[in-house]
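Subject: Structure for your review

Dear colleague,

Please find below the structure that I am handing over to you. I would be grateful if you could look through it together with the notes that come after it.

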Amino acid sequence: MKSKKLITINTPKIRLNEGEVFGITGNCKELGDWKKAVIAAGSNATYANFKIKISGSIKSIEYKFVIADTSTKDILVWEDGWNRTLDCSAENEEEIKITATAAKLPRQPMKAAGTAIPVFSLRTEDSFGIGEFHDLKKMIDWAEKTGQAVIQILPINDTTMTGTWEDSYPYSANSIFALHPQFISLTAAGVKKDKEYKTLQKELNSLPQVDYERVNKEKTRLLRKAFAEAGEKTSTSEGYKKFISDNSHWLIPYAAFCTLRDQYGTADFQKWKGYAVYDENKIKKYCKTHQDDIDFHCFVQYHLHIQLSDIRRYAHRHGVILKGDLPIGISRTSVDAWIYPELFHLDSQAGAPPDAFSADGQNWGLPTYNWEKMAEDGFSWWKARFRKMAEYFDAFRIDHILGFFRIWEIPLEYKSGIMGHFSPAMPYSADELRNFGFDISGGRYITSGAPDGTDVLFVEDPHKKGYYHPRIAAQFTRTFAELDEWHKHEFNRIHDDFFYRRHTQFWKESAMHKLPQLLAATQMIICGEDLGMIPDCVPETMNELQILSLEIQRMPKSVHETFAHPANYPYTSVCTTSTHDMNPIRAWWNEDRELSRRFYYEMIGGQGEMPSDCEPWICRRIIEQHLYSPAMFTILPLQDWLSIDGKLRFENPEQERINIPAIPKHYWRYRMHLTIEQLLAEDAFNEDLLGLIRNSGR
């Protein structure tokens, strides 16, 4: 009996009429022998996923994508151009996975519009002072009503470390698996909707912004009461038992972490006396002596899991894609750093070099990854992370995808992001610098006279002593100003070569060593946040791996443009007007009047005097440009969708911003100023938005 090979082909869907289905056909019986269509299985709303088992004796296949009759599978429309081919001859490959380019059918490829909003920002009549998973149902209803097909959210993992508002930062999770208890619907988890509950709910829900500390304190208190009353009954259910069985590898250590955090009053596990170093046997004994607390945290995670799983099913029934967000880092005081310290460089901090968000760079305080160690078991930690996300999401955004090529690494002793360096990199030796005209013996050019240590031209690599990186933006230092013209010219040459040319192939190889293996662990649509200082190898690698890019009009990818035009975006991209790290349209209009003036005349085609405010018609024109973009997804912040209606949009645009990256400890507390129920009732606005989206072909 001949062996079978499993071939998986992933490709963007196309628009279909009623009674039609997207399929594939080819030159073997498994592909319909060019007579019938084979239909995708397990597809999401935007990508088709074909799984075909072929005989091991077939060396190559030819195929085309087609449109077929839903009932008979008869082929109605054939793909244009030459047949696609796939080499299946490699005997050691039992499974072949590819992501094909969009089908060349005489129909538009799938394009969709969507809304980006953090879960904590949602507001419904059922909320409890903060957005919850169940609130997403009404957001999905609104998306369906207005012709949208995507809801994009920020990270939803547990960030509880200090119990203060500083935990509101969603990109520093204490676990890559655990969901944040703040998103739980209390009544669905067994909390009684009594007088106390209703009074608290009304008070907290009336607040204009999230009171992070109060909400989480009250939710924890009420959940403890519900657990005391219903925990034992819940633990006997088959669903609960299966959840524990499937997730115990991370759930029990997480529950122990939370219990120890509360016992010692800190998430810094190095202060946990006998538990500072994770020991599985010791933790098992600890769990037995603290069983009630362990069971409580498992109880909460179980309810979060069933609530979010319910949301995913609801979204699918309504034709809406849920798009998650994968942070590039984890907290140095997290379960993961506690259990697997060897996977991280805990003596370093991840961040970003100077950019449009921050002239001094960014220091996120998160440890960097020990990729060499992670590679030893085939990046199993990352693959598990991707698979967990796939339980809830159809697509996800990789925060700072540049980190898979290289990360901006800052030694622990520095607060300023400007003292970082790229890792991995190919730093210069002292001899190389001497040959360039910079003799660093005696500490020259590498020792600062400034108190913050930043007045240097080169910084030493912490992992490779005796090798040095040019300090980014060192041209603004006193040391550079004191150089003669020849040395200034030479430093500029070294600086530009190092940051923009020297590592092009090196960083591509770095990414290709990791990303293909990780992407193979999931069938989700993957989007990369590729903003900032982008090496030339990033776009070509993302295109090769079919990772959607992020396109923002005010952050053009070309250095020759002040603004990008949405009409020029690639299909394999997500376009948006702004992100959670930026001001929405109206507040941006007031940031730099000269810049917005240029935008008004050059991009909007404005006539006469520029309006002092970003009026609804201006916002509408900007959004129309994005809707008519070739990009697969146009996903806009809710604030920008509402900006086209003078009555609905928030009165003060300055209060619509979610995050300010230049402020390391920013309070993430933005909430919708109206409820989703109110939004659903705005028939005129919703019909207008539906028309805008449908007319654009999305």
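The notes below cover helix packing, backbone features and cysteines, in that order. Please bear in mind that this is a predicted model.

Sorted by class, the contact of H2 with H3 has 5 nonpolar and 6 charged residues, with no polar ones.

In the second pair, helix H13 (residues 504–519) and helix H14 (residues 537–544) have axes 9 Å apart and pack at an angle of about 30°. Because an angle under 35 degrees counts as roughly parallel, H13 is roughly parallel to H14. The crossing of H13 and H14 is right-handed. H13 contributes Thr504, Trp507, Lys508, Ala511 and Met512 to the contact, and H14 contributes Cys537, Glu540, Thr541 and Glu544. By class, the contact of H13 with H14 has 4 nonpolar, 2 polar and 3 charged residues.

Backbone features

Serine 423 and proline 424 are joined by a cis peptide bond, with omega about 0°. Proline 424 lies in the loop between strand S16 (421–423) and strand S17 (428–429).

Phenylalanine 379 is not a glycine, yet has a positive phi of about 60°. This phenylalanine 379 is placed in the loop between helix H8 (371–375) and helix H9 (380–390), and at 1% relative accessibility it counts as buried. Alanine 473, also not a glycine, has a positive phi of about 55°. The loop between strand S19 (467–470) and helix H11 (478–481) holds alanine 473, which counts as buried at 17% relative accessibility.

Cysteines

How many disulfides does a search of the whole structure find? The search finds 0. Cysteine 287 is in no disulfide, and the nearest cysteine sulfur, that of cysteine 298, is 8.3 Å away. With 6% relative accessibility, cysteine 287 counts as buried. Cysteine 614 is likewise in no disulfide; the nearest cysteine sulfur belongs to cysteine 619, 3.6 Å away, whereas a disulfide requires sulfur atoms within 2.5 Å. Cysteine 614 counts as buried at 4% relative accessibility.

Yours sincerely

Key: Residues are numbered from 1 along each chain as its sequence is written. This is a predicted model: local features need pLDDT of at least 70, side-chain atom pairs count only at pLDDT 80 or more; totals for chains, interfaces and linings use all residues. Side-chain values use heavy atoms; hydrogens and water are left out. Buried means under 20% relative accessible area, exposed over 50%, partly exposed in between (1.4 Å probe, protein chains only). Ala, Val, Leu, Ile, Met, Phe, Trp, Tyr, Cys and Pro count as nonpolar, Asp, Glu, Lys and Arg as charged, and the others, Gly among them, as polar. Axes are lines fitted to C-alpha atoms, for helices over the stretch in contact, and angles run from 0 to 180 degrees between N-to-C directions. Helices (H or I, at least four residues) and strands (E, at least two) are DSSP runs, numbered from the N terminus. Angles under 35 degrees count as roughly parallel, over 145 as roughly antiparallel, 65 to 115 as roughly perpendicular and the rest as oblique. A crossing is left-handed if the near helix is turned anticlockwise from the far one by less than a right angle, and right-handed if clockwise. Contact means heavy atoms within 4.5 Å.
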